[in-house]
Amino acid sequence: MTTSRNIESVAAAFESQYGYAPAGIWSAPGRVNLIGEHTDYNLGFVLPFAINRRTYAAISSREDSLVRVSSSFSPVQHEVELGQIAKNSDNDWAAYPFGVAWAIQKLSQTTGKGFDAYFESDVPVGSGLSSSAAIECSTALALNELWNTGLSRAELARCGQLAENEIVGAPTGIMDQSASLLGERDHAVFLDCKSLEAQSIELGFDAAGLELLIIDTRVAHRLNDGGYATRRAACELGASQMGVASLREVSVDQLDKAKEIMDDVAFRRVKHIVTENERVLETVENLRAEGPTAIGALLNASHVSMRDDFEISIDELDTAVDVAIRHGAVGARMTGGGFGGAAIALAPIAKVSEITLAVLAEFELLGYGKPNIFTVTADQGARRDR
Ligand code: GLA
């Protein structure tokens, strides 16, 4: 669908749901992480980009304090009083917009008005492409404007993270919301999760004759499911054993020491984070110096580290990565939180269909579910569309 049709469609859906026209339309993209996995909550480095799949939100503020949200992806309309937003499993997907409304008020120390919102999205759910951040960031940009709260995009990203942590109940970092709010066309967001300093890094895929392929295994992952939180806890324990506030403070040279004082599993968790931070920095250097054809080995090494040391990959993701590399990808890795979701393969345009067919064939041979394979480009972050 083209953007203008998305805008018409969500505006019409809002009107039929609530019986009046929305005050405005805002949209925010999903994201793919090029490299830097599970490093965000360790205050390290990440390199995601906003993708050309977006969530469109039609929103109006109300005179009272009622919040009503509905969407094309669920038949249920959720309602809450603005002052009563709290963690509640009945909220389902509505916890994202509710959580953002709660977080903006908390961070800006203001009280907002109620609002009506309707969402439509073409970001696939559960595939590690941050469909939730797209909902959060479209809501955040809209409420910041409607409520006149004047928060910066970086602060809105923090609101999205707070919503996830406090209202949804997923102990995630700040990467996804930062990518969705700060992304630019053909650029990745190089974020230092300690200083929160962000730089736009040109990707140049097109000029290099490359495309980024998403191989969504369709094995759904959930970030409030235990695996993610267990990894985060392991990292925090590792940092405390090393006597530092976060694993960001541990250098590759100190891994020998880590190996001496930790058991094997704890050491491998720490090793992934420490080496992944290095890989992000090298990826940025290579992109700047030589362009995207020079980052393949780093992507591959990142996958091996997640598979063997951090242990968040699954057979379907390993297969997707192996087949893509064997059939000519420059590099490939799983992306996102892990335990399901998608892999990325950076591939010469001429190899995209060969890789696609090979992955489909191998999945069928192994009896895996059919993956959803498509390409994405780096797109503009959250914006007001109307
Ligand atoms: C999810 C989280 C992010 C990040 C990634 C793993 O996407 O929301 O904060 O931790 O997993 O890199």
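1. The second largest pocket has a volume of about 180 Å³. A pocket here is an open set of points on a 1 Å grid over the protein atoms alone, with protein on both sides within 12 Å along at least five of seven lines. Volume is the space filled by probe spheres set on the points, which are joined across faces, edges and corners. This is a predicted model: local features need pLDDT of at least 70, side-chain atom pairs count only at pLDDT 80 or more, and totals for chains, interfaces and linings use all residues. Residues are numbered from 1 along each chain as its sequence is written, and side-chain values use heavy atoms, without hydrogens and water.

2. Lining residues have an atom within 4 Å of a grid point. For the second largest pocket they include R185, D186, F205 and D206. T375, V376, T377 and A378 also line this pocket. Strand 8 (210-216) and strand 11 (372-376) each supply at least two lining residues. Strand 8 gives the most, with three. Strands are DSSP runs of E, at least two residues, and helices are runs of H or I, at least four, both numbered from the N terminus.

3. The lining of this pocket has six nonpolar, two polar and four charged residues. Ala, Val, Leu, Ile, Met, Phe, Trp, Tyr, Cys and Pro count as nonpolar; Asp, Glu, Lys and Arg count as charged; the others, Gly among them, are polar.

4. A search of the whole structure finds one cavity of 30 Å³ or more. A cavity is a set of points where a 1.4 Å probe fits but cannot get out. The largest cavity holds about 40 Å³ of space. Among its lining residues are R153, A154, A157 and S178. Helix 4 (153-168) and helix 5 (175-182) each give at least two. Helix 4 has the largest share, three residues. By class, this lining has six nonpolar, one polar and one charged residues.

5. Now the ligand. It lies between domain 1 (4-201) and domain 2 (203-376), because both give residues to its shell. Domain bounds come from an automatic or database assignment. Of the 13 residues around the ligand, E37, H38, D40, D176 and Y228 come nearest. "Around" means a heavy atom within 4 Å. The shell has four nonpolar, five polar and four charged residues.

6. The protein covers 99% of the 310 Å² of accessible area that the ligand has on its own. Accessible areas come from the Shrake-Rupley method with a 1.4 Å probe.
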